[in-house]
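Me: I have a model open and would like to learn how to read its features. Could you take me through some of them?

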Amino acid sequence: MTAAAHAEVKAYPPSAETVARAHVNAAKYEEMYAASIADPAAFWGEQGKRLDWIKPYTQVKDVNYSFGNVSINWYADGTLNVAANCLDRHLKTRGDQTAIIWEPDEPTDEAQHITYAELHRRTCRMANILESMGVRKGDRVVIYLPMIPEAAYAMLACARIGAIHSIVFAGFSPDALAARVNGCDAKVIITADEAPRGGRKTPLKSNADAALLHCKDSVKCLVVKRTGGQTTWIDGRDYDYNEMALEADDYCAPAEMNAEDPLFILYTSGSTGQPKGVVHTTGGYLVYAAMTHEISFDYHDGDIYWCTADVGWVTGHSYIVYGPLANGATTLMFEGVPTYPDASRFWQVCEKHKVNQFYTAPTAIRALMGQGKEYVEKCDLSDLKVLGTVGEPINPEAWNWYNDVVGKGRCPIVDTWWQTETGGHLMTPLPGAHALKPGSAMKPFFGIQPVVLDPQSGVELNGNGVEGVLCIKDSWPGQMRTVWGDHERFEKTYFADYKGYYFTGDGCRRDEDGDYWITGRVDDVINVSGHRMGTAEVESALVAHAAVAEAAVVGYPHEIKGQGIYCYVTLMNDQEPTEELRQELRKWVRTEIGPIASPDVIQWAPGLPKTRSGKIMRRILRKIAENDFGSLGDTSTLADPSVVDDLIANRASK
Ligand code: WT7
C-alpha cells in the first residue's frame, strides 16, 4: 500500500463499553509505557510479582546487546517452577474451574472440560512417567502430538521436572522430526497413534517410527492413544502412556528452576541453513506471556478464551498454554480445522463454548470469508468481546469482514505482531486504548522500543512517516536467549547486521501518527498461511532429488495463504520436464519437510539469473513470480541476461 493510501485510513476507536471494561485505557497506556521505558528494571521488577517465586529475585535485568558478547538475563537470581505457576498456585482458589476446554475434530464427539485440579493430576502423572523413563532436569523431550489435552500435560510435565521440551508440529515429516530430535539430542519422543484433523488421520506413530530409524538407539517413545489405530510396537523402546498413567502417582514435586534455565526449544526457519532451535527460558518468558495474554486480549477472570493456533507453533506455547494458565484462565484447545465439517465450525465452537476472546490467523479469515457470511450469521456470537489476529499482515478486506461479520462492529481486533523469537506480542493495539487502523500493529507493548532503520546505513530514522527495517532497542523479558547449541548463530542472525539492536527481519513503516505497519520480511523467509519457511530449506529439499540440478525458491502473493511457494527448478541434463516429474517433486518436498512446504508453482528453468560471481539474483525471480516484469531493474550485470527472457516467456501459469 502506498503512503497516500494510508493517509485516508479510517480509524476505529474503541466503544465506551470496551474502554470502561479494559485493564488499560489510553491514558493508562501512555503512563505505563513511559514508565516501562524510563526505568525497565523497576517496571519489570513489579511485573515479576505476577508469578510465585520459590526464591524471589533481587536482580531484574542484566543485558548486553554488544555483538560478540550478547547475553540476556532477567530475574537471574530468582527461582521458580512454571508448572507450579500454571497449576498448583490456582488449586486453592480455582481447583474446580475449567482450565482447558478440549473440542475434538468431530463435532459429534464429546468436548472435555478439564479442571485445574484434574490438569494438575494429569500433569503430575505424566511427569512421573517421564521420570520413570529416565528423564531428568535439563534433558530434552520432543513432543509430536495432535491438539489433544495430553499435549498440554506433556509440556507442563516437562516444565515440572525441569526437562526442556521441543514441540514438533504434527504436520512435519519424519525427516523433519528426526532432524529436530537429533538437533537437541532428545531422550524421549512423546507421540500419539494417530492425529485426526479435518476428518483425516495422520499416522504420527508410524512417522515417529520412521524418524527413529535416523536417531540414536537410546531414544525412547512414549505413545498416547488417541484413535486406537494400529501401530507397530518395539518393546523396550516404545512405552504405553495410557497404561502407565493408570499406575502413575498423582503427585510429583515441582523442580526448583533458575529463572534463566531453559523452558523450551522451538525450531523455526531462518533465511539460511536449516531451522534453528530458539531457546526460551523460565522466569522472563512466563512473566511476559502472562502479562501480554491479560493485557492484549483484555482477559478478565471468568472469560473463555480461544486461540486457534497449534501448540506446534510459538502462538500455541504462549497463548494456548503458558500465558492463559499462568493467569488462571479457561483456555480452549481445538483439534480440528476451520472448514470441517464445514465453514461454520469456528463459529459453532464459539457459540457452543461461549467464547469471549477469539484469536486466529488472517489466512483462516480469508479462507472463511470466501465461503460466505451465512456460515457466521447462523451462529450466536454475542459472547465475543475481543478478536485477535497473528502471523502475517492482515489485508483490509479480511480485517473489515472480521470486524463487521464476526465482531458485528463491537469487538476490537488486536493485530498482534511478534515472532517465535520474541516469546510474546511486541506490537499490538490494546482493546481499550487505541483507535484501530485495519492492517496496522499500531503500538509497542510495554517495555518495547521499536526503531525503524535505514536498511543500508543502519541509521535510525526518526520522526513519523518513515519506512525501513524494524529493529528493537534493548531487551524485554520474553526475548529468546540463544540458539540451541549455537550462540554464535544467535548473535550473527539477530545482532550482527545492525549493531546494538535486535534485528527482527521485518520491514516496517511508522505512519504520520506514529503507528506501526509491518510490511513483511526483508530476508529470504516467506510466510505461507502464517507459517514461516526458509526458501533455503525448500531449495535444499528440491536439490536432494536426483533429477534436480539447481533450484531457487521465492514467495509470491497468494490470495488465501498470503504468500505461496514458487520454485524455479533446473533439471539434470538427461531429465525430461514432464508433468509427472512436477508432481513427484511436489510430493518429494512434502515428504522431506511436510505438507506446509508443498510447492504451489514449479517452473522449469533451463537457467537461473546469476551474477558473474554466481550469486542467484532472487530479486529478479521474485518479480517474475509476482508477474511484475516492468521493474526487473538492471539485468546487465547478469552472467547471461537471456535467461531472464526465457523465464518470462515460460512463466508458469497459476
Ligand atoms: C513473522 C514471525 C508470532 C506468532 C506467529 C508467527 C510475521 C507475525 C504478524 C502481524 C504482520 C506478522 C512477521 C514475523 N508476523 N505476526 N500481526 N502482522 N506480520 O511466528 O513463525 O516466528 O513468524 O511472522 O513477518 O517476523 P513466526
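Reply: Happy to. Let's begin with contact, which means heavy atoms within 4.5 Å. Leaving aside neighbours within four places in sequence, His-545 is in contact with Leu-581, Glu-584, Leu-585 and Trp-588. Before we go on: this is a predicted model, where local features need pLDDT of at least 70 and side-chain atom pairs count only at pLDDT 80 or more, while totals for chains, interfaces and linings use all residues. Residues are numbered from 1 along each chain as its sequence is written, and side-chain values use heavy atoms, with hydrogens and water left out.

Me: Is His-545 buried or exposed?

Reply: Buried means under 20% relative accessible area, exposed over 50%, and partly exposed in between (1.4 Å probe, protein chains only). His-545 counts as buried because its relative accessibility is 8%.

Me: Which residues does UniProt list under "binding site"?

Reply: UniProt positions are given in the numbering used here, with shortened feature names, and annotations may be inferred rather than shown by experiment. The unreviewed UniProt entry places "binding site" at Val-543, His-545 and Val-548.

Me: Where does Val-543 sit?

Reply: Helices (H or I, at least four residues) and strands (E, at least two) are DSSP runs, numbered from the N terminus. Val-543 belongs to helix α18 (residues 535-543), whereas His-545 is in the loop between α18 and β28 (548-558). Val-543 is partly exposed, because its relative accessibility is 38%. Apart from residues up to four places away in sequence, Val-543 touches Val-548, Ala-549, Glu-550 and Ala-551.

Me: How many residues surround the ligand?

Reply: A residue is near a molecule or strand if one of its heavy atoms lies within 4 Å of it. Here 17 residues surround the ligand, and the closest are Asp-415, Thr-416, Thr-420, Asp-506 and Arg-532. At least two residues of this shell come from each of α12 (314-326), β20 (413-416) and β25 (516-521).
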